[in-house]
Amino acid sequence: MSTHTEAGHHGPAKGISRWILTTNHKDIGTMYLVFSLIMLFIGGSMAFVIRAELFQPGLQLVMPEFFNQMTTMHGLIMVFGAVMPAFVGLANWQVPLMIGAPDMALPRLNNLSFWILPFAFSMLLATLLMPGGAPDFGWTFYAPLSTTYAPPSVTFFIFAIHMMGISSILGAINIIVTIFNMRAPGMKMMDLPLFVWTWLITAFLLIAVMPVLAAVVTMMLMDVHFGTSFFNAAGGGDPVLFQHVFWFFAHPEVYIMVLPAFGIVSQIVPTFARKPLFGYHSMVYATASIAILSFIVWAHHMFTVGMPLVGELFFMYSTMLIAVPTGVKVFNWVSTMFRGSMTFETPMLFAIAFIVLFTIGGLSGLMLAIAPADFQYHDTYFVVAHFHYVLVPGAVFGIIAGVYYWLPKWCGKMYDEKLGQWHFWLSFIGVNLTFFPMHFVGLAGMPRRIPDYALQFADFNMLTSLGAFLFGTTQLLFVYILIKTVRKGKPAPQLPWDGAKGLEWTVPTPAPYHTFATPPVFGDK
Amino acid sequence: MAQQPAYYVPPQSHWPIIAAASLFFTLGGMAVLLHALQQEGSGLMGRVMLISGLMILAGMLTGWFAAVINETRQDLYSPQLDRSFRYGMSWFIFSEVMFFFAFFGTLFYLRVFAVPWLGGEGDKGLANMLWPQFNAVWPLLEAPNPEQFPPIKEIIDPWHIPFLNTILLLSSSVTLWFSHKALKRNDRDRTKLWLGITILLGLTFLALQIYEYAKAYNELDLTLRSGVYGATFFMLTGFHGAHVTIGSLILIVILFRVYLGHFSAEKHFGFEAGAWYWHFVDVVWIFLFTTVYLL
């Protein structure tokens, strides 16, 4: 395979201007990943406050008002600040490398997409210091809690969301254009690595639904400041309308947060099973089906709000349909491992944990999809358990797996495998200790988003809190591993994983600042 | 041209960070201003932020586009990069489609579900017990609680200004097409003429729209505060009007560039992108005229 040429190019600029003015996809990818890690710790510290308060029944540490602000900000920061930017960072690093492109299609726009984020999150975090406090209406910001009864800081929240939306749309346009237009000569759509495929579909979802989020927060702004009545029945509006428009955005959004993780796992499992991915085509079609179905299932979040019966049935069946393509994916991952020559390095451990634990989250989702059963589960800790299983050992484990997998190529050094294993096992125990008991307290009726609870839930809540502290602290080990690798890791070979396939492994280690200035010819495998 | 570069990867640029900062000052300024007005403050700081944000935004757009225009005129762009711009613009328009889709969906939901339920009809007609005297009709002249949301005297007759505006906007799409045809023939005079007419039609549309808004507020009591009819009416027509304004600005810049001798019969993506945007805004109007004014 052809190597890169560096005619007419030079290395990175010196100093801070390298990062602020850069048009290099690797620099921008790094900034996204570091930003996301910082947000993970800010959002995580809010989870610490929540779990410390819930360690024992009764009000211990914080006032209920502040507790509400913590749950709200924790959700917003993790969704928009930690998970989404981490995936965009991985896409920035990997998509051009995996398709043999010199950079992203629109490099300056790429820089803009990133630099909007620090501004947006400064605005969001500043609300914590405002009179009346930060947003306290939950990350789903249902009207009228977020309109009539909102704290004054809601205005800043709205504009912060607008900025995040602009950033996501621009980033997604860039990724889609890169994938459609910048593939190495000879690389067809059905030759794309699955990480690229899942990101293509994710980018489509982002462009389709982020404008809907913009529309819904704009209507909120109008209701709060300009006297409209979109979400106020006194003027002929409907608070339930808010939920419809919000979930039309937010259901595809939850797939935005997990499809790229599917892609990462689909890259890692074949590498460490030393077998090609089982059912490549069905993986692509399953991903696309999940994306299309995500547009017609939104109201399963609203079964108890009072919808017509026809609506309940429609959304129940359409939701259950999603289990089919998801099942295809799980089947394919397991079949890829079947009779493979498996080894269990850190990325593979996280990937396998992803498959097992994401499936648990998927199955509890199926339980929640059944409308009559959902009447019992709605707004209990069972729901919290469900979406944390798909987001933490789902999305976050996927991201961590991807980072361990590609880190040697990025920085040219190998992480400490022993510490990586520690990181995995502590995270695995911590995550299950945190979220598994939530199923039980939820089924027993403990409501979510309340700072206090009845005595019979005390033991499980203490376990959950201990698990959360363990999981959170373990992530400091992750930071230590990353720093240690970059500072004094052992040099990594050209191909750190002997089963790894794909264009990204053909470039030298570490990947030079500019790669594929001349496109490689794809196909001579 | 000696050798087409493989793919133009621009050097470091200060425009993105300026763009991010301008966005922060514009939107942050709006937030500070609205927040202050809500707290009965003067909002001076918000105004200063907003105005400086908008000025940086305008400067940034001029500078960034000037940089891109310079690069394209130096022939740094390969056909592949031209394709990136085309794909990028198409997906951007798709995101705009989805933005309007959300508002049309809102109108649909309110008309078909929420308002009839409040009037006692259908599956959730129980909602009528909130305001038993409420009469669910569309156009909704009187909201369930008329004290909070004052009633509308009369709605706008679709067959006067709105119909005229429809004709104006539809013909502007045709004249823009003529202009494009002329550019492809390298007939620069006709290009300018038809483009100028398009811009005039667009500006007339906007003027009539402003006149209609003034009439709605002053004579018909049709305002943002008059319940969901007013809310959806101003939201949809307002965002559409904002897009016509942006489209007109784009076309004015394009006309200016035609006078400067930019574009060739074969390569004129700036022109085409502006035209795509204009046609998109036109299509939105057709839906808008039908669902907001007519039905």
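The structure is a predicted model, in which local features need pLDDT of at least 70 and side-chain atom pairs count only at pLDDT 80 or more, while totals for chains, interfaces and linings use all residues. Residues are numbered from 1 along each chain as its sequence is written, and chains are lettered from A and ligands numbered from 1 in the order in which they are written.

Chain B contains seven helices and zero strands; helices (H or I, at least four residues) and strands (E, at least two) are DSSP runs, numbered from the N terminus. Read from the N terminus, the order of elements in chain B is α-α-α-α-α-α-α. The C-alpha trace of chain B spans about 80 × 45 × 35 Å along its principal axes. Of the 295 residues in chain B, 38% are buried. A residue is termed buried if 20 or more other C-beta atoms lie within 10 Å of its own, exposed if 12 or fewer, and partly exposed in between, with C-beta atoms placed from the backbone. Two residues are in contact if their C-beta atoms, placed from the backbone, lie within 7 Å. Among contacts in chain B between residues at least 6 apart in sequence, 69% join residues at least 24 apart.

Helix H2 of chain B (residues 44–73) has 30 residues and should span 44 Å; its end C-alpha atoms are 43 Å apart, which agrees.

At the interface, 58 residues of chain B are in contact with 59 residues of chain A. Helix H1 (15–38), helix H3 (79–118) and helix H6 (227–259) of chain B each supply at least two residues of the side that touches chain A. H3(B) gives the largest share of that side, 20 residues. By class, the side of chain B that touches chain A has 38 nonpolar, 16 polar and four charged residues. Here Ala, Val, Leu, Ile, Met, Phe, Trp, Tyr, Cys and Pro count as nonpolar, Asp, Glu, Lys and Arg as charged, and the others, Gly among them, as polar.

Axes are lines fitted to C-alpha atoms, for helices over the stretch in contact, and angles run from 0 to 180 degrees between N-to-C directions. The crossing of H5(A) and H3(B) is right-handed. A crossing is left-handed if the near helix is turned anticlockwise from the far one by less than a right angle, and right-handed if clockwise. The residues of the contact of H5(A) with H3(B) comprise eight nonpolar, five polar and one charged.

Within chain A, helix H12 (residues 346–369) and helix H14 (residues 381–411) pack at an angle of about 160°, with their axes 8 Å apart. H12(A) and H14(A) are therefore roughly antiparallel, and their crossing is left-handed. Their contact has 20 nonpolar, eight polar and no charged residues.

B:Arg225 lies in the loop between helix H5 (188–218) and H6 of chain B. B:Arg225 is partly exposed, with 18 other C-beta atoms within 10 Å. Not counting residues up to four places away in sequence, B:Arg225 touches A:Gly227, B:Phe149, B:Pro150 and B:Gly230. The C-alpha atoms of B:Arg225 and B:Pro150 are separated by 7.1 Å, although the two residues are 75 residues apart along the chain.

Most residues other than glycine have a negative phi, and most peptide bonds are trans. B:Glu40, in the loop between H1 and H2 of chain B, has a positive phi near 65°. B:Glu40 counts as exposed, with 7 C-beta neighbours inside 10 Å. A cis peptide bond, with omega about 0°, joins A:Ala143 and A:Pro144.

Notes
Expected span 1.5 Å × (residues − 1). Parallel < 35°, antiparallel > 145°, perpendicular 65-115°, else oblique.
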